[in-house]
Amino acid sequence: GKWTCIHPGCPWNLAASYMSSKNAFEILDGKGPGEAKYNTNLCLEHNHEIQYEIVDGVEEITSPKDLTGDEMEILRNAALTNSSMPSVKHGLAVKCGNERGRIYNADMLHRVIAREKILIYGTDHHRIPQLMERGRQTRRNGGEFDVDVDDVYRVVGTRFQSNRMKQYSKQYGSYFAIVDGTYGTNKYNLTAAPWVGVDCLGTTILFGISTSLSENTIDMTAAGRTF
């Protein structure tokens, strides 16, 4: 590709070629695709408002209106799962970009994902009131939902068990149960621990899910007594 300044007569020019193997641009110095020659020139007299020209078959997507339906679906899923930007760009490249010769502007991706999060979650991405209402509904239906908070009322742990999970636990929990906490799976730095067992058909079943700041004895014991 070639970036040039829109100011008439300005010699500023940046020529680069996208290297798919490195997922990066290589600055061209007097060489280019085919018989064309490209030089990179600098101009320090003013700031440069640039325009982009496709010259080697790779297109940089900088506007949401240029995204395809498949690409938008990937970004909606990224908003729903709170995926990191490297993961988003990798998914786009593997599923769409590499085949179609497209790369994606990171700022544009941030804007689209932020907009999709608002559409999914509203302006309150934490949705604590909705979490508490879901917990109250779970208790009304015969399940369990407990929340641990610290001295300044920040959530530091939860214990969730639906009514069906409770029935499984009563029937099979005394025979066999296993728990193993996760690490780094949510932005709140809470350890999520699924409590699982096996039913009479040999199928893995879920007894409950707990979250805590760490896999410490006090929190794990409290969750075990709940489930």
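The side chain of Ser212 comes within 2.7 Å of the backbone oxygen of Ser214. The model examined here is a predicted one. Ser212 belongs to strand β11, which covers residues 204-212. The relative accessible area of Ser212 is 1%, and Ser212 is therefore classed as buried, the limit being under 20%. When residues up to four places away in sequence are set aside, the contacts of Ser212 are Val156, Gly157, Leu190, Thr191, Asp219 and Met220.

Asp199 is located in the loop that joins β10 (191-198) to β11. Asp199 is buried but forms no salt bridge. Arg164 carries the nearest side chain of opposite charge, at a distance of 10 Å from Asp199, whereas a salt bridge requires a side-chain nitrogen of Lys or Arg within 4 Å of a carboxyl oxygen. Tyr172 and Ile205 are in contact with Asp199, neighbours within four places in sequence being left aside.

Helix α4 comprises 13 residues, 128-140. The distance from the first C-alpha of helix α4 to the last is 18 Å, close to the 18 Å expected at 1.5 Å a residue.

Notes:
Residues numbered from 1 in each chain as written. Predicted model: local features only at pLDDT ≥ 70, side-chain atom pairs only at ≥ 80, totals over all residues. Heavy atoms only, no water. Helix = DSSP H or I, 4+ residues; strand = E, 2+ residues; numbered from the N terminus. Buried < 20%, exposed > 50% of the residue type's maximum accessible area, 1.4 Å probe, protein only. Polar contact = N/O pair within 3.5 Å; in protein donor to acceptor, adjacent residues only side chain to side chain. Contact = heavy atoms within 4.5 Å. Lys, Arg positive; Asp, Glu negative; His and termini not counted. Expected span 1.5 Å × (residues − 1).
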